[in-house]
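Hi,

Here is the structure I said I'd pass on.

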Amino acid sequence: MFKSIAVRKSQGTQYIPDLRAATPGGFRGKPVISDAACADACQACVQVCPSRAIRLEPTQPDPVHIDLGRCVLCGDCEPVCPSRKLSFNNDVKLCATSREALTVSSAHPNLDPIKVSAALHKRFGRSLKLRSVSAGGCNGCEMEINALSNVNFDLGRYGIDIVASPRHADALVLSGPITRNMAEALQVCWDAIPEPKLVIAVGACAISGGVFADSDALDRQFLDNFKPALYVPGCPAHPLTFISGIMDLLGIAG
């Protein structure tokens, strides 16, 4: 008993009382692009990026653009930049409701705030049931999605739960790049969710294909047919990123 008390004292309280105010230490979050000038003809950041998340437009005042829908937050671009133009902070609020809104630059350093959906708030603001589907994922994002229900984050306190059957769900939480052998299963799951319903794309793989975007083993037609209501970037996506995004979308107070 005394050993358990000592462990509890050393660890402190695991439960996070205010999820909106929580900032995880050591987390590599939003890319920060400074106003420093790029070195002449430098392509170092583009060449090192494993998911082609960085786009250079040398003729523009803000030449460096980073697509958080592709970025795997590996941080490899930071040390190779001779101008020290790139860095990362621990901001977890990375979600967006449109694919285009996921790009940041020095002139547009912050993502557009998520607007509360009045229709979704009215329908799901007090109860939202999620069905998680790993469509060929590595299990990184899936582990973070599972963590939403643990004692630390306890997303269920807001009436948001992960359920075992799509017939009990209101939304499909998609992770993974959507491999061909999962495309049909994903569609079957989606068809089984009763209307009204929505898609939440979690992780770089789900949003863009991530590092597997060019693989011929993928079939991403599902996202051509069903646009996500919420994009949750990361590799893997942090639970607090998911939580802040879904709470903003549904207009749930912290």
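Pairing here takes at least two DSSP bridges between two strands, and strands (E, at least two residues) and helices (H or I, at least four) are DSSP runs numbered from the N terminus. Within this pair, serine 134 has serine 175 of β8 as its bridge partner.

Before going on: this is a predicted model, where local features need pLDDT of at least 70 and side-chain atom pairs count only at pLDDT 80 or more, while totals for chains, interfaces and linings use all residues. Residues are numbered from 1 along each chain as its sequence is written, and side-chain values use heavy atoms, with hydrogens and water left out.

Zooming out, the pair sits in an open sheet of five strands, ordered β7-β6-β8-β9-β10 with parallel pairing. β7 (160-162) and β10 (230-232) are at the edges with a single partner strand each, so one side of each has no neighbour in the sheet. Neighbouring strands here are turned by 25° against each other on average, direction ignored.

Helix α5 (residues 140-147) lies across β6, β7, β8 and β9 (198-202), at about 140° to β8. Helix α9 (residues 239-250) lies across β6, β7, β8, β9 and β10, at about 165° to β10. Contact means heavy atoms within 4.5 Å; axes are lines fitted to C-alpha atoms, for helices over the stretch in contact, with angles from 0 to 180 degrees between N-to-C directions.

Cheers
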